[in-house]
Amino acid sequence: MYVIGLQEVNSRITNFLSDLAFDDPWSIFFMTVLAPLGYIKLSSVRMQGLLLLIFVKHVHLPFIRDIHTQYTRTGLYGYWGNKGGVTVRMSLYGHTMCFMNCHLPAHMENAEQRVDDFEKILEMQFEGENIPSTLDHDVLFWFGDLNFRIADYGIHFVRESINNKRYNLLWEKDQLNMAKKEEAFLQEFIEGPLQFKPTYKFDLYSDVYDTSEKKRKPAWTDRILWRVKNLCKHAAKEGEFSEEEQTISVTLNNYISHMSYGISDHKPVTGTFGLELKPLVSNPLVTLHPEGEWSTEHDVLISYSAVPEFQSSAWDWIGLFKVAFRHVNDYVTYAWVEDDEISSNEDSKQVYMSAAEIPDMGGEFLLCYYSKNLQSIVGISQPFQIQPNRTLIEKDLTQEDNSWMQTPDNLETHNEF
């Protein structure tokens with residue numbers, strides 16, 4: 001899974017309205033990079049300059065459900081979205097996951113305001129909806145431009161410590177580390193060691209800290225933290241499972257900055273995690289199979305079966321996708337599960353797909369069942385081959401042969417000149 005949080009994306013009104021109607025340029029860029037690797041865009045949410053994108057591999061799609069997005073404004077007393085948080089939450093193999101990208105207030109003196117705003121974002125996300133609160137999720141990732149600074153120390157001491165790679169001298173005066181000691185709700189958030197240079201503020205296209213008149217003090221403004229709900233303790237109280245049955249764990253593999261990027265006065269930060277979980281959901285809601293040989297020479301059949309608890313809708317559909325598809329709307333064609341149904345029994349149902357909609361050139365494809373109620377793909381087939389249109393291939397070969405036969409005459413004419 002790739003989870004990408006951006007801040008200060010170009011949010012001029014013309015750009016924002018265009019991005020609402022179409023995929024924003026960042027989404028298109030990441031889809032172009034990740035689709036050939038087998039990832040699709042699962043969800044995204046944007047609030048002015050804040051953007052959160054989530055990509056997953058095809059194999060996980062049937063086990064990701066209940067996807068919801070939300071945003072909370074905190075800029076200009078909650079009326080403006082230049083600061084705040086955007087969130088995507090979901091159920092992953094039965095475990096609740098939440099990803100929160102924040103941009104908190106700037107400037108050294110606003111440490112307390114940053115904590116207050118984050119607490120407000122936590123409280124307001126999904127408020128009044130039939131969704132667990134952010135802190136009730138099994139795993140919560142919190143990241144973004146959190147804007148915490150290095151307090152007390154002067155700029156010369158800070159820069160000298162950085163130059164000598166003695167980052168540990170600065171940790172205790174990092175405002176986020178200081179806040180974690182004082183605020184109970186922050187103490188459950190875990191962060192990897194800050195063993196990279198402070199990521200703010202740099203001259204553009206350089207690895208030189210701010211040389212402007214303001215000469216802002218370096219700081220670790222860009223952070224990634226996580227929180228794992230104590231499932232074992234909770235389960236023991238509820239009597240659901242024993243203490244030995246740890247159902248989910250998060251392991252940090254690396255936490256680094258990337259100095260080579262210079263388009264911002266911040267350096268990007270990435271964290272790579274191992275997420276180990278005991279699946280609470282092990283079967284897809286819908287199982288799909290293409291029937292027989294697929295080609296453009298006849299209508300084709302799709303068989304599918306659903307688990308008893310699955311609630312289908314008249315608006316559910318089955319899409320035909322290229323194997324390296326980018327998002328749920330990237331289908332080649334689709335069939336409505338009710339309108340295009342041709343047979344049904346207790347074990348399975350069949351729908352047809354028109355031959356006219358099958359790609360002439362053939363290739364490797366897969367089928368996905370989209371649930372309108374759950375707003376997600378709940379079943380995906382194994383990849384399969386569609387045979388190319390033989391008539392078109394023979395026609396193309398004939399044209400090539402005719403073209404080849406004319407070539408000697410053309411060459412002879414040129415030789416005469």
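Biologist: Which residue of strand 18 stands opposite Ile318?

Modeller: In this predicted model, Ile318 faces Tyr369 of strand 18.

Biologist: What makes strand 14 and strand 18 a pair?

Modeller: Two strands pair if there are at least two bridges between them. Strand 14 and strand 18 (residues 363-371) have six bridges, in the antiparallel sense, so they count as paired.

Biologist: Why is strand 14 called mostly covered?

Modeller: A residue is buried when its relative accessible area is under 20%. Strand 14 covers residues 317-322, and five of its six residues are buried.

Biologist: How many residues does the protein chain have, and what share of them is buried?

Modeller: The protein chain has 417 residues, and 44% of them are buried. Its secondary structure comes to eight helices and 20 strands.

Biologist: Why are Cys98 and Cys368 called buried?

Modeller: Set their values against the cut-off of under 20%. Cys98 has a relative accessible area of 0%, so it is buried. Cys368 comes to 1%, so it counts as buried too.

Biologist: Now the largest pocket: what is its volume?

Modeller: About 1800 Å³. It is lined by 47 residues, and those closest to its centre are Val3, Ile4, Gly5, Val269 and Thr270. Among the elements giving two or more residues to this lining are strand 1 (2-6), helix 2 (25-34) and strand 11 (269-277).

Biologist: Which strand gives the most to that lining?

Modeller: Strand 11, with eight residues.

Biologist: How does the lining of the largest pocket divide into nonpolar, polar and charged residues?

Modeller: There are 28 nonpolar, 13 polar and six charged residues in the lining. Gly5, close to the pocket centre, goes with the polar ones, because Gly is counted as polar.

Conventions:
Residues numbered from 1 in each chain as written. Predicted model: local features only at pLDDT ≥ 70, side-chain atom pairs only at ≥ 80, totals over all residues. Heavy atoms only, no water. 1 Å grid on protein atoms, 1.4 Å probe; cavity = no way out; pocket = protein on both sides within 12 Å on 5 of 7 lines; lining within 4 Å. Points joined across faces, edges and corners; volume = space filled by probe spheres on them. Helix = DSSP H or I, 4+ residues; strand = E, 2+ residues; numbered from the N terminus. Buried < 20%, exposed > 50% of the residue type's maximum accessible area, 1.4 Å probe, protein only.
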